[in-house]
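Dear colleague,

My findings follow directly after it.

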Amino acid sequence: MSEPVIHTEELTRTFGEFRAVDGISFSVGAGEVFGFLGANGAGKTTAMKMLTGLLLPTSGKATVAGFDVFSETESIKRNIGYMSQRFSLYDDLTARENIRFFGGIYGLSSSIIKEKSEALLSSLDLIAVADSRISDLPLGWKQKLAFSVALLHEPKIVFLDEPTGGVDPLTRRRFWDMIYEAADKGVTVFVTTHYMDEAEYCDRVSIMVNGRIAALDTPMAMKSSFGVTTMDELFIRLVRPTAGDGI
Amino acid sequence: MRVIGFLLQKEFLQIFRNKGMLPIIFIMPLIQLVILSNAATFDVRNVPFNLQDLDRTSLSENLSEQFTGSGYFQLTGESSTSSQALDVLVGRNADLVLVIPEGFEKELMRGGSAKVQLIINAEDGFSAGVIQGYTNDIITAFNRDLIPQLPGSAVAAPQPDIIVRSSAWYNPELVYVDYMVPGILVILVTLVGLFLSGMNVVREKEIGTIDQINVTPMRRYQFITGKLLPFWIIGLGELTLGLIIARVAFHVPMLGSYWLIYLVAGIYMLVVLGMGLLISTLTDSQQQAMFIAWFFMVIFTLMSGLFTAIESMPHWAQNMTLANPVRHFVDIMRRVMLKGSGIREIAVPLAILTADAALLITLAVNRYRKVSD
């Protein structure tokens with residue numbers, strides 16, 4: 001693994017008595033596609049918020065793109081992109097306006113914004129709907145656009161929070177083509193998902209259970225060490241260890 | 001600066017694209033201005049009035065005609081017994097009953113004095129006071145005109161009366177519209193500023209886009225300026241529209257300077273927007289923000305001296321109004337528009353508003369965090 005771009009040691013966040021994230025330690029290398037898995041409420045979102053500089057950790061250590069999550073959150077923000085399926089774009093603005101706005105607040109010059117938005121819209125095949133409101137676009141198109149917008153300022157790391165929720169397998173497959181494309185260019189991709197087939201696409205995955213990382217490896221190695229054939233089985237085994245085969 | 005520009009552009013696009021929002025911003029306040037200015041008046045006219053004339057003489061008729069002819073009272077019926085009169089009052093068919101007892105004319109002719117009874121519905125104490133004032137005027141005038149006609153009065157020299165003539169300065173004809181419109185304009189800009197800014201940030205919280213903003217390197221001052229400036233501009237635009245209507249439709253005088261009004265309004269909007277933003281940062285949903293904004297709006301309006309005089313409030317309430325920005329701006333608007341006060345005369349309330357603005361903006365900025373802890 002090359003120089004880690006995300007590195008955490010015993011990173012912890014408590015809310016009162018509740019330890020939402022309970023001492024997680026891991027590293028993500030440059031250009032890696034890192035899957036961040038876990039059941040709802042396992043602490044994924046809290047961990048992601050700490051890494052993106054939205055939430056201060058309670059204790060532990062972490063750096064993102066070489067900057068400290070306690071004291072250098074603003075520097076982190078210049079180096080990361082962030083996309084959530086739910087809310088990354090403004091629904092009442094058009095595709096072009098969204099690109100312009102996000103390009104603008106990351107400090108891109110007007111000519112670069114113009115150039116980039118044309119290139120982006122044509123590569124996504126969105127020229128025809130570039131001036132329709134986002135709310136009128138199909139979910140799959142929105143997701144692709146949101147992902148591209150998150151990469152607009154050429155961040156080192158992009159955080160994807162359940163980027164493909166609610167779309168068909170083909171659209172998801174295409175979305176993952178885009179993720180690979182970005183990774184090929186050296187962007188580190190940190191992605192949360194509930195789809196186990198997507199977990200298989202990652203270079204490495206971690207599975208969070210009750211605020212801790214229960215497993216972290218390549219999908220292949222993880223399956224063989226637990227003696228299961230699919231990620232689905234593995235996930236269920238880890239998340240509900242006493243439930244046996246039943247869900 | 002560029003970042004603020006992009007944020008401004010986005011905010012304006014969103015505001016003007018929101019079909020539900022435009023009427024709220026522009027039409028609703030104007031309707032309020034027109035309705036409230038005309039409806040909110042202390043004038044008491046056409047008071048329904050019931051006559052119980054038990055004397056039925058030319059003098060008693062003369063007296064009742066003074067009432068019906070005054071323009072303040074409208075005869076809605078007559079009664080012949082006190083229980084009948086009571087029914088009329090209870091049924092709200094009259095707010096005033098004039099009882100002229102039997103022998104009214106005879107007593108007057110013989111002794112030069114007689115009694116009449118006035119029963120006023122005082123559910124609304126303020127109106128009752130006004131009605132009483134009117135009736136006193138009518139009876140005084142009746143006495144004055146009548147005395148020379150009475151037998152034996154010719155001997156007595158006409159008494160030199162002291163007549164109090166009052167004239168109202170700064171609003172000589174007591175046009176209530178002149179008095180109300182400047183105040184209602186304040187309510188309008190407050191309403192728009194407080195609610196729109198209060199809803200705005202919390203809306204981004206509700207949708208989740210605030211997180212998308214918070215992961216960008218945008219700075220706090222950029223975010224806050226970009227969020228508040230649009231409503232500052234809209235608030236002043238609204239005021240302009242209101243001032244034009246005040247001038248053109250209501251003919252409200254403008255004795256002071258428009259520059260002064262805008263200077264004060266610019267500062268006042270900061271107070272309102274700071275408050276809206278503070279509410280935004282303290283709440284998690286538009287619904288909560290709405291209720292809190294409404295709570296303050298009602299208290300501010302009722303304690304602003306707009307509808308009820310501050311002087312008639314209990315002492316503790318009068319002191320409380322000093323903390324009410326609406327009160328100060330209403331006060332300044334009336335003084336500047338109707339009296340032509342300059343900056344020297346309004347220095348105190350203006351200083352209070354400026355301090356309020358500084359305090360609220362500071363609080364709001366401090367409450368807004370890009371990184372939560």
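On the face of H6(A) turned away from its buried side, the exposed residues are Leu170(A), Asp177(A), Tyr180(A), Glu181(A) and Asp184(A). Helices (H or I, at least four residues) and strands (E, at least two) are DSSP runs, numbered from the N terminus.

This is a predicted model, in which local features need pLDDT of at least 70 and side-chain atom pairs count only at pLDDT 80 or more, while totals for chains, interfaces and linings use all residues. Residues are numbered from 1 along each chain as its sequence is written, and chains are lettered from A and ligands numbered from 1 in the order in which they are written.

The buried residues of H6(A) are Arg172(A), Trp176(A), Ile179(A) and Ala182(A). They lie on the same side of H6(A) because they cover an arc of only 110 degrees around the axis, taken from the directions from the helix axis to the C-beta atoms. Their packing partners in chain A are strands E3 (33–38), E7 (157–161) and E8 (188–192) and helix H7 (196–201). After H6(A) comes Gly186(A), with a positive phi near 100 degrees.

As to the contact between the chains, chain B contributes 22 residues and chain A 24 residues, a contact being C-beta atoms, placed from the backbone, within 7 Å. On the side of chain B that touches chain A, H1(B) gives the largest share, eight residues.

With kind regards

Technical notes. Contact = placed C-beta atoms within 7 Å. Buried ≥ 20, exposed ≤ 12 C-beta atoms within 10 Å, placed from the backbone.
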